[in-house]
Each structure stands twice: as structure tokens, then as C-alpha cells.
Amino acid sequence: MVPLRSISIFTFGFLLLFLCSSLAEQQQFAVDGKVLELDESNFEAAISTFDYMFVDFYAPWCGHCKRLSPELDKASVNLAVLKQPVVIAKVDADKYSRLASKYEIDGFPTLKIFMHGVPTDYYGPRKADLLVRFLKKFVAPDVSVLNSDSAISEFIEEAGKNFPIFIGFGLNESVISHLAVKYKKSAWFSVAKDFSDKTMEFYDFDKVPALVALHLTYNEQSIFYGPFEEKFLEDYIKQSLLPLVLSINQDTLKSLKDDKRKIVLTIVEDEDDERSKGLVKLLKAAASANRDLVFAFVGFKQWQDFAESFEVSKKIKLPKMIVWDGDVEYFSVIGSDSVEDEDQGSQITRFLKGYREGSVIQKHIISDDYKAFRNSMFLIGALILVLVVILVSMMMQSVKEEPSREQVDHPGSSTSLSEARVALRSGDKEDKID
């Protein structure tokens, strides 16, 4: 029988060890305004310790990462003193490849916000002051309740321009609370309880309830008067998360990944010239009447590699419109390969009508791997030609040196050429291995 005293000592020792372990962990992850350096041994413990953690997955050799580092140091101080602090951490994803693989890190820096351990991609500003304002969103209420005109103005000012803003005038917060939680990473949500006729006039709605969606960056606004059943409400919110016409670049392209709508993509020569800007205005009008589709545009000058994925080159007449599924398939509308300068609005209408009627040709985008393969065919052909010339030269030299062997077959020559082709094909495959 074990003495009672021995049990008490053992229990006390176990509790002491547990307390010491907890204190050590708390000290390891202290909220002191400093950026945490994490690795594979403590990353999971860190994201389970804090409700909100902003993580910079970086590489030591990355120039963008080096420029971002001092901004994170400055932002970390201000974020640590919030009522609900946001902790900033860094991970050398080049060194800790298992973490990089787990969280799908494919470029540097990759920024993610972990809310209660769940990661969300971050595409917002990177300057310290804007970063602080941006991250405050993630610790703000799911639905802010606004009780005056000034509260509405302050809410919009605090929200900034990086996310769309939804304001439910005359709506109870319970109507949108579920969807506000679901789409918190993508937008600001609020309800206005008390407001003046002047506010109604300013936001251009004439009855309540009304849900107003604002895209301050694009100077766009839309109004939804119901019905406020969740299905219809969610459809409106999803369609309003993006501007009417989206300019495609590497950052905005990522915002399309959760949207299941087809993308009407217009490829222009230069998105900054006046003709392109005029076309975008016409596309906005079409987008307003076709909210089941995403409208977007990209300049060949701004992103040539992306445009070339859709069989566009310097010889192709632009603008060109296609409908893209956001993945590997797209559709050309028969008879609407390009948009002429005259009466572009009617041409856009015909394009959309042709698409909806199924008058299309289905195609696949030209991937980078395929373009590299296609370009390499010229090199492979040249190498084979050189091999043939060398083999012929060797055979002729052999004939000159040993005339008595003229009638002997040379199966080895044919075999060498086949082996060369196999070697070239094998080499092409090896180049694609990451």
C-alpha cells in the first residue's frame, strides 16, 4: 500500500510541473508588442494561445519581405495594446518547409490572419498605420450598431476603403448576423438604428428596410430592398463583395477564388488609356444588369503573361472578350472575337446574348507549362537536327576510313537517334519537377 504522504508529494510535484510548464508557455508567447519568431516546434501552440494572430510567412532572401519587416515591427506595438490584441508573428517558410506546405505558401511574403486558429489570406495594405486600421476589423463586432448620423460617418471612416461596407438601414442586426459572421473576412457589416432624412438622401434610398453596399475605392454603391430571406440576402452580399468591374492583377485575381460565377473577361491593350476607360464604363452598365456574372478586365501591357493564356498576342486585335470559368476553361463567342471602336455597348450586348444562347467555342487556357513546352519544341528540333548531322558525319568518316565495311548495317545509328529523342523527352519532364 502506497503511503498517503507519498501520494501527496507526487500530486504536488505534478501540479508544480504543470504550473511551471504553463508559465513557461505564457512567457514564450508574451504580448509585449514584439514580433514573435515561430518555427515548426511552437507554431501550433502559438495559434492556439491567441484568438487573433497575424503571420508573415517570409524568406530571408526576399526583398519585399525585408521591406515589410520594419512595418510589422511598428504595427505590432499598436496592435498589442488593443482591448482584443492582435499578435504579429513571423515564420521562415523557406527554412520550415513543412509549415509552408501545410498552409499552401507559394510566394513571399504570404500573409495570413489566424482567427481562433483558422487561417484567412490577407491582401490588405502593408504600411504600419494602414495595417493597424485593417486588422482592427477582425477584432471588431460582427455587426456594428449605429445610433446616429455621426456614428454612421465614423463607422465608414474607421472601416476605410479596403473592404466593401454593408449598412442595414432599419434592419435588425439578427437579420444579417449569421451572414456577417460568414463573410467577416471580406466585408464590414453594420445596422443603422437612428438616422435622418438627410442620410437617406445622401445614400440615395427612399424606404426602409434597405441594405446599402458601398465600394469606396471604386466610388460604387448599390441598394437592396429585399426580400430579406437568407437565400436572397446572401446572393446580394456575395454579388456585392466585388466591384462591378474588377481590374485583374495578381492580388485581385486571388479574390476571385471563392466566387463561383463565370467571369466576363475583357482584354485591352493598355488599361490606362482613355479608350479602355471608356470601355470599362460600358462594362459597368452591363455588369449592373448581369449580376450573375463577374465582369473583369486586364491590360495586355500590364500583364502580358496572363493575357497570353487566352491566345492573345501582339498580333491579335484588342479589345477581346471571353468568358472564363476561373480555372482552365474559357469560351469564345462566335462572331464576337474582338470589340470594334464603334457602338461598343451594342457589341457587349451581342456578346452576352451569344454566350447565354450557347453560341460559343470552348477552349482551354495555355498554361505556363504548355507555353514552355511549346517554346522548347524549337530547341528540341534543333538538337535533333544537330544529332543527325553529327551521326551522318561520323558515318561518312567511317566509310572513308574503312571502305571494306560499306555493306555493313548500322543499327546503332538508328538506336542512338531514338535514345536521343527519349533523353530529350525525359529531360523535358524533369524540368517540370519542382
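The model is a predicted one, in which local features need pLDDT of at least 70 and side-chain atom pairs count only at pLDDT 80 or more, while totals for chains, interfaces and linings use all residues. Residues are numbered from 1 along each chain as its sequence is written, and side-chain values use heavy atoms, with hydrogens and water left out.

The chain holds 15 helices and 16 strands, taken as DSSP runs numbered from the N terminus (helices are H or I with at least four residues, strands are E with at least two). Of its 434 residues, 41% are buried; here buried means under 20% relative accessible area, exposed means over 50%, and partly exposed is in between, with a 1.4 Å probe and protein chains only.

Now to the core. A nonpolar core is a set of buried Ala, Val, Leu, Ile, Met, Phe, Trp, Tyr and Cys residues joined through side-chain atoms within 4.5 Å. In soluble globular proteins, nonpolar side chains tend to be buried together. The largest such core here has 39 residues, and Phe54, Leu135, Ile152 and Phe169 touch the most other members. Two or more residues come from each of strand S2 (52-58), helix H3 (63-80), strand S4 (110-115), helix H5 (128-136), helix H6 (149-159), strand S7 (165-169), strand S8 (188-192) and strand S9 (210-215). Domain 1 (36-137) and domain 2 (141-241) both contribute residues, so this core lies between them; the domain bounds come from an automatic or database domain assignment.

Leu135 sits in helix H5 and, at 1% relative accessibility, counts as buried. Setting aside neighbours within four places in sequence, Leu135 contacts Phe54, Leu79, Val86, Ile113 and Tyr122. Its C-alpha atom is 9.8 Å from that of Met53, a residue 82 places away along the chain. Phe169, with the neighbours within four places again left out, is in contact with Ile152, Ala192, Phe195, Thr199, Tyr203, Phe205, Val208, Pro209, Ala210 and Val212.

An α-helix has 3.6 residues a turn, so residues three or four places apart point the same way. After H6 comes Gly160, with a positive phi near 80 degrees.

With 16 residues, H11 reaches 24 Å from its first C-alpha to its last, close to the 22 Å expected at 1.5 Å a residue, where the expected span is 1.5 Å times one less than the number of residues. Ser276, Leu279, Val280, Leu283, Ala286 and Ala287 are buried in H11. Their arc around the axis is only 115 degrees, which puts them on the same side of H11. What covers them includes strand S11 (245-247), strand S12 (263-268), strand S13 (294-299), strand S14 (320-324) and helix H13 (344-356). Glu274, Lys281, Ala285 and Ala289 are exposed on the face turned away from the buried side.

A cis peptide bond joins Phe108 to Pro109, with omega about -10 degrees; Pro109 lies in the loop between helix H4 (97-102) and S4. Another cis peptide bond joins Val208 and Pro209, with omega about 0 degrees, and Pro209 is in the loop between H8 and S9. That loop between H8 and S9 also holds Asp204, which has a positive phi of about 65 degrees although it is not a glycine.

Definitions and conventions:
Arc of directions from axis to C-beta. Contact = heavy atoms within 4.5 Å.
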